[in-house]
Amino acid sequence: MIHALFSPNSPFAARSYLGRVAPAELRAELFGLFALSGKATAFAGPFLVGWVTWLTGSQRVGMGVIVVFFVLGFAMTLTLPKADTRRRHSPP
(Lines give C-alpha, C1' and ligand atoms only; values in the text may rest on other atoms or scores of the structure.)
Protein backbone atom coordinates (compact mmCIF):
# COMPACT_ATOMS: atom_id res chain seq x y z
CA MET A 1 0.00 0.00 0.00
CA ILE A 2 2.74 2.46 0.92
CA HIS A 3 4.67 1.56 -2.22
CA ALA A 4 1.62 2.30 -4.36
CA LEU A 5 1.39 5.80 -2.88
CA PHE A 6 4.98 6.83 -3.57
CA SER A 7 6.11 4.72 -6.51
CA PRO A 8 4.49 6.69 -9.38
CA ASN A 9 6.46 9.81 -8.48
CA SER A 10 9.87 8.18 -8.01
CA PRO A 11 11.05 8.46 -11.67
CA PHE A 12 10.31 12.19 -11.66
CA ALA A 13 12.05 12.71 -8.35
CA ALA A 14 15.06 10.70 -9.55
CA ARG A 15 15.42 12.80 -12.70
CA SER A 16 15.09 16.01 -10.73
CA TYR A 17 17.71 14.84 -8.23
CA LEU A 18 20.08 13.79 -11.01
CA GLY A 19 19.71 17.17 -12.68
CA ARG A 20 20.69 18.91 -9.44
CA VAL A 21 23.69 16.80 -8.44
CA ALA A 22 25.22 15.94 -11.83
CA PRO A 23 28.08 18.12 -13.01
CA ALA A 24 27.10 20.10 -16.11
CA GLU A 25 29.80 18.48 -18.27
CA LEU A 26 28.59 14.95 -17.41
CA ARG A 27 24.84 15.57 -17.35
CA ALA A 28 24.06 14.09 -20.79
CA GLU A 29 26.11 10.96 -20.12
CA LEU A 30 24.55 10.45 -16.70
CA PHE A 31 21.01 10.84 -18.05
CA GLY A 32 21.88 8.26 -20.72
CA LEU A 33 23.15 5.87 -18.05
CA PHE A 34 19.99 6.58 -16.03
CA ALA A 35 17.82 5.58 -19.02
CA LEU A 36 19.89 2.45 -19.68
CA SER A 37 19.69 1.35 -16.04
CA GLY A 38 15.91 1.74 -16.17
CA LYS A 39 15.71 -0.55 -19.19
CA ALA A 40 18.04 -3.10 -17.57
CA THR A 41 16.09 -3.25 -14.32
CA ALA A 42 12.78 -3.52 -16.21
CA PHE A 43 14.19 -6.75 -17.65
CA ALA A 44 16.16 -8.02 -14.65
CA GLY A 45 13.34 -7.81 -12.09
CA PRO A 46 10.79 -10.03 -13.83
CA PHE A 47 13.55 -12.35 -15.04
CA LEU A 48 14.87 -12.93 -11.51
CA VAL A 49 11.38 -13.34 -10.04
CA GLY A 50 10.61 -15.98 -12.68
CA TRP A 51 13.95 -17.70 -12.29
CA VAL A 52 13.76 -17.90 -8.48
CA THR A 53 10.14 -19.07 -8.71
CA TRP A 54 11.14 -21.79 -11.15
CA LEU A 55 14.20 -22.76 -9.09
CA THR A 56 12.36 -23.04 -5.78
CA GLY A 57 8.91 -24.04 -7.04
CA SER A 58 7.38 -21.35 -4.82
CA GLN A 59 5.86 -18.09 -6.00
CA ARG A 60 6.18 -16.72 -2.50
CA VAL A 61 9.95 -17.16 -2.53
CA GLY A 62 10.11 -15.82 -6.09
CA MET A 63 8.29 -12.65 -5.09
CA GLY A 64 10.77 -12.27 -2.23
CA VAL A 65 13.21 -11.04 -4.87
CA ILE A 66 11.19 -7.82 -5.00
CA VAL A 67 11.74 -7.27 -1.28
CA VAL A 68 15.47 -7.79 -1.79
CA PHE A 69 15.47 -5.20 -4.60
CA PHE A 70 13.67 -2.67 -2.38
CA VAL A 71 16.12 -3.20 0.48
CA LEU A 72 19.12 -2.88 -1.85
CA GLY A 73 17.65 0.23 -3.45
CA PHE A 74 17.03 1.81 -0.06
CA ALA A 75 20.58 1.00 1.06
CA MET A 76 22.01 2.56 -2.10
CA THR A 77 19.84 5.64 -1.59
CA LEU A 78 21.46 6.20 1.79
CA THR A 79 24.85 6.63 0.10
CA LEU A 80 23.74 9.41 -2.28
CA PRO A 81 25.11 12.92 -1.76
CA LYS A 82 22.74 15.59 -0.57
CA ALA A 83 21.39 17.74 -3.40
CA ASP A 84 21.83 21.49 -3.26
CA THR A 85 18.28 22.77 -2.86
CA ARG A 86 19.11 26.39 -3.63
CA ARG A 87 18.21 27.61 -7.08
CA ARG A 88 21.11 27.98 -9.43
CA HIS A 89 21.11 31.20 -11.39
CA SER A 90 23.04 31.17 -14.60
CA PRO A 91 24.86 34.37 -15.46
CA PRO A 92 23.16 36.50 -18.13
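This is a predicted model: local features need pLDDT of at least 70, side-chain atom pairs count only at pLDDT 80 or more; totals for chains, interfaces and linings use all residues.
Helix 4 covers residues 59–77. At its start, a side-chain oxygen of Ser-58 comes to within 3.3 Å of the backbone nitrogen of Arg-60.

Two packed helices are described by the angle between their axes and the distance between the axes. Helix 3, residues 27–56, packs with helix 4 at an angle of about 145°. The two axes are 7 Å apart. The crossing of helix 3 past helix 4 is right-handed. On the helix 3 side, the contact involves Gly-45, Leu-48, Val-49, Val-52, Thr-53 and Thr-56. These meet Gln-59, Val-61, Gly-62, Met-63, Val-65, Ile-66 and Phe-69 of helix 4. Of the residues in this contact, 8 are nonpolar and 5 are polar, with no charged residue.

Helix 3 also holds both Phe-43 and Phe-47. They are 4 residues apart, about one turn of the helix. An α-helix has 3.6 residues a turn, so residues three or four places apart point the same way. The structure contains 1 aromatic pair. Phe-43 and Phe-47 form this pair, and it is stacked. Their ring centres lie 5.8 Å from each other, with 10° between the planes.

Conventions: Residues are numbered from 1 along each chain as its sequence is written. Side-chain values use heavy atoms; hydrogens and water are left out. Axes are lines fitted to C-alpha atoms, for helices over the stretch in contact, and angles run from 0 to 180 degrees between N-to-C directions. Helices (H or I, at least four residues) and strands (E, at least two) are DSSP runs, numbered from the N terminus. A crossing is left-handed if the near helix is turned anticlockwise from the far one by less than a right angle, and right-handed if clockwise. Contact means heavy atoms within 4.5 Å. Ala, Val, Leu, Ile, Met, Phe, Trp, Tyr, Cys and Pro count as nonpolar, Asp, Glu, Lys and Arg as charged, and the others, Gly among them, as polar. A polar contact is a pair of N or O atoms within 3.5 Å; within protein, one must be able to donate a hydrogen and the other to accept it, and residues adjacent in sequence count only if both atoms are side-chain atoms. Rings of Phe, Tyr and Trp (its six-membered ring) pair if their centres lie within 6.5 Å; planes under 30 degrees apart count as stacked, over 60 as edge-to-face and the rest as tilted.
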